[in-house]
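Hi,

Here is the structure I promised to pass along.

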Amino acid sequence: MRFTFALSTTAAVLAAAHPHAKRAAIDECLEAAGVPVDAPDSEDWELDVNPFNQRLPYLPAAIAVPTTLEHIQAAVLCAAEVGLKVNPKSGGHSYASFGLGGEDGHLVVQLDRMNNVTLDTETQIATVQPGARLGHVATLIYEQGKRAFSHGTCPGVGVGGHSLHGGFGFSSHTHGLAVDWIVGATVVLANGTAVNASETENKDIFWALKGAGSNFGIVASFQFNTFAAPENVTTYQVRLPWSNSTAIVKGWGHIQDWLGSGGMPEKMNMRVLGDRSGTQLQGMYYGNACDMKAALKPLLKNLHANVSDVKETDWMGAFENYAYSDEIDITRPYEQVETFYSKSLVTPALPEDVLQNVADYWTKVARLNTRTWFLIIDLYGGPNSAITKVPTEAGSYAYRDPKKHLFLYELYDRTMFGDYPENGFSFLDGWVGNFTQGLGKDWGMYVNYADPRMSRTEAQDVYYRQSLPRLRDIKKQIDPTDLFYYPQAVEPAV
Ligand SMILES: Cc1cc2nc3c(=O)[nH]c(=O)nc-3n(C[C@H](O)[C@H](O)[C@H](O)COP(=O)(O)OP(=O)(O)OC[C@H]3O[C@@H](n4cnc5c(N)ncnc54)[C@H](O)[C@@H]3O)c2cc1C
Ligand SMILES: *[C@@H]1O[C@H](CO)[C@@H](O)[C@H](O)[C@H]1NC(C)=O
Ligand SMILES: *[C@@H]1O[C@H](CO)[C@@H](O)[C@H](O)[C@H]1NC(C)=O
Ligand SMILES: *[C@@H]1O[C@H](CO)[C@@H](O)[C@H](O)[C@H]1NC(C)=O
Ligand SMILES: *[C@@H]1O[C@H](CO)[C@@H](O)[C@H](O)[C@H]1NC(C)=O
Ligand SMILES: *[C@@H]1O[C@H](CO)[C@@H](O)[C@H](O)[C@H]1NC(C)=O
Ligand SMILES: *[C@@H]1O[C@H](CO)[C@@H](O)[C@H](O)[C@H]1NC(C)=O
Ligand SMILES: *[C@@H]1O[C@H](CO)[C@@H](O)[C@H](O)[C@H]1NC(C)=O
């Protein structure tokens, strides 16, 4: 499919001269091409420009609101002709507001008007439009055929950003990441061409999309494989007596031995959640409560803790249990926001000294921080994890080694009222510093929990690690002018 549109010469000349002129030029181009837009200062504009992370608001040059593939193609060509950077925005949950461009003055292609979800009950493949939110996707796939794929817990997160950069949730130890279920995508490239990418077509682009999708084009349609939604799911919690750093070091040591040695069965999914009020394991088991308890017993014996809040439910019930939201099938308007700074890590089993430093930080620094922080330690890898069974070369997503990638962490520090304080950043920087200083280069960060305070060079390295050189080569081939730029985007190879 091709789409061409010639910008009037006057507009192009004006655009080159001044940002205000660029604004006029992009409006003119989009209008001439018949692309729907949000009128500046309209209710839709205010809704679409409002970032999930209130700490990072940005002002776009224009907001296109496509309803068709052709609209997306035309919008990309307009941005190229006017000389603006362009970024797709799906659910708008980027921690760094990268869907808004991560800086002022971009063309934002707001995709949430495109949210159809269609399950083909012969092939069991779901075709999903790129602006659907996870709760909507899960609900519709389930309703159409009792099917599912693996993804995160928050129903408001967009399928676009989430699945192209990983997508970890309570089903991931059993069924892998959201990215592992993508079997095809239609993507609009920088030159406005739409191509299909899969294992058999445009393989390099498919590889690049699966882990670093925001850098290579705008996915206009996804195809996800699905599995039969499990009928019997049990959710549970375990309160951990981690009142001092000795207890943390011991308990965490038991957890990493259990996970690393293959003690955690594939059907078990679990995370540690620590905040000011205490520390607990939260889990989901694909099976009934009796089997869950038997599978947990060896670990709980060492942790000196008991299981509580046990609920036997089904796939959608389990999603609701951890969604922390009244509504699962969320579309538009979506108005939930927070004000926060977050960092992430992926690490192997922690050596004793690192564990000690991190635990000391937890009890001596974190517990004195009166902001509403939390730490999530996902039991991510190990020999029974479905994530690490996917071959590394399947996509650019970088963390598939059962030993090197044992834990995924989210560190999150928010203010419930007012601005995030200027002197707040050192809190998570110091905690993360105490992990990484003892780990050499054996760690990474997760772009779905983007930390925009890193330089572009550092960010690309820690997000993509061994995949970066090939990503940069592909970027050079298909987006040499960096049209889909944002401050931490993959740079074209030189
Ligand atoms: C409340 C909350 C809960 C979360 N829970 C989880 C969780 O359980 N597990 C987990 O792994 N992550 C979780 N996340 C992180 C989430 O996965 C990422 O923030 C994700 O990138 C958000 O996707 P989005 O489409 O909503 O965001 P957006 O801000 O719209 O997009 C994020 C990035 O993806 C790009 N993008 C979006 N759509 C497309 C497309 N169609 N084609 C190409 N690029 C595109 C954007 O340009 C941007 O760079 C959570 C985030 C929040 C705020
Ligand atoms: C999406 O769904 C709407 C409402 O059911 C329908 O009108 C539209 O044609 C669908 N679009 C696509 C691309 O399937
Ligand atoms: C991509 O695949 C869809 C069907 O999945 C098809 O309709 C479309 O023509 C294909 N596009 C290209 C460019 O091959
Ligand atoms: C699984 O769930 C179904 C439906 O709720 C129930 O009838 C059945 O007894 C459950 N099976 C097991 C093994 O718990
Ligand atoms: C640390 O906590 C554990 C478990 O709660 C407790 O048994 C131990 O006495 C505590 N140690 C110190 C030094 O307070
Ligand atoms: C766990 O349960 C056992 C048996 O009911 C009880 O003896 C023990 O005190 C409990 N432990 C904790 C930490 O609550
Ligand atoms: C580790 O934590 C201590 C506080 O416990 C802090 O002073 C130090 O700067 C941190 N180290 C790094 C490398 O961030
Ligand atoms: C658009 O870019 C792709 C990838 O570089 C290339 O294969 C294709 O031929 C280009 N299409 C046009 C019309 O230039």
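Pro333 sits in the loop that runs between helix 11 (315-323) and strand 15 (339-347). Keep in mind that this is a predicted model, but the backbone here is worth a look: the peptide bond joining Arg332 and Pro333 is cis, with omega at about 0 degrees. The loop between helix 11 and strand 15 also holds Tyr324, whose phi is near 50 degrees, a positive value in a residue other than glycine. Why does Tyr324 count as exposed? Because its relative accessibility is 56%, and the cut-off for exposed is over 50%. For context, most peptide bonds are trans, and most residues other than glycine have a negative phi.

Another positive phi turns up at Asp482, near 65 degrees and again in a residue other than glycine. Asp482 belongs to the segment after helix 16 (468-478). With a relative accessibility of 12%, Asp482 counts as buried, since the limit for that is under 20%.

Now the ligands. Around ligand 7 you'll find Tyr361, Gly430, Gly433, Asn434 and Gln437. On its own, ligand 7 exposes 370 Å², and the protein buries 47% of that. Helix 14 (residues 425-436) supplies the largest share of this shell, with three residues. Sorted by class, the shell around ligand 7 comes out as four polar residues, one nonpolar and no charged ones. If you plan to look at the contacts, check Asn434: one of its polar side-chain atoms is 2.3 Å from an oxygen atom of ligand 7.

Ligand 5 has Pro241, Ser243, Asn244 and Ala247 around it. Which parts of these residues face its oxygen atoms? For Pro241, a polar backbone atom is 3.5 Å from an oxygen atom of ligand 5. For Ser243, an N or O atom in the side chain lies 3.4 Å from an oxygen atom of ligand 5. Asn244 has a polar side-chain atom 2.4 Å from an oxygen atom of ligand 5. Taken alone, ligand 5 exposes 360 Å², of which the protein buries 31%. The shell around ligand 5 splits into two nonpolar and two polar residues, with no charged ones.

On to the strands. Strand 11 (residues 233-239) is mostly covered, with six of its seven residues buried. Which strands does strand 11 pair with? Strand 14 (residues 307-313) is joined to strand 11 by five bridges, and the two run antiparallel. Here Thr235 stands opposite Lys311 of strand 14. Strand 13 (residues 278-285) also runs antiparallel to strand 11, with six bridges joining them. In that pairing, Thr234 has Tyr285 of strand 13 as its bridge partner.

Last, the annotated region. An unreviewed UniProt entry gives residues 56-229 the annotation "domain: FAD-binding PCMH-type". In the model, the end C-alpha atoms of residues 56-229 are 37 Å apart, and the span is 26% helix and 24% strand. His71 is found in helix 4 (residues 69-82). Is His71 buried or exposed? His71 is buried, because its relative accessible area is 15%, under the 20% limit. A polar atom of the His71 side chain also lies 3.0 Å from the backbone nitrogen of Thr67.

Cheers

Notes:
Residues numbered from 1 in each chain as written. Chains lettered and ligands numbered in written order. Predicted model: local features only at pLDDT ≥ 70, side-chain atom pairs only at ≥ 80, totals over all residues. Heavy atoms only, no water. Near = heavy atom within 4 Å. Polar contact = N/O pair within 3.5 Å; in protein donor to acceptor, adjacent residues only side chain to side chain. Areas by Shrake-Rupley, 256 points an atom, 1.4 Å probe, with all protein chains shown as cover. Helix = DSSP H or I, 4+ residues; strand = E, 2+ residues; numbered from the N terminus. Nonpolar A, V, L, I, M, F, W, Y, C, P; charged D, E, K, R; others polar. Buried < 20%, exposed > 50% of the residue type's maximum accessible area, 1.4 Å probe, protein only. Pairing = 2+ DSSP bridges. UniProt positions renumbered as here; feature names shortened; annotations may be inferred.
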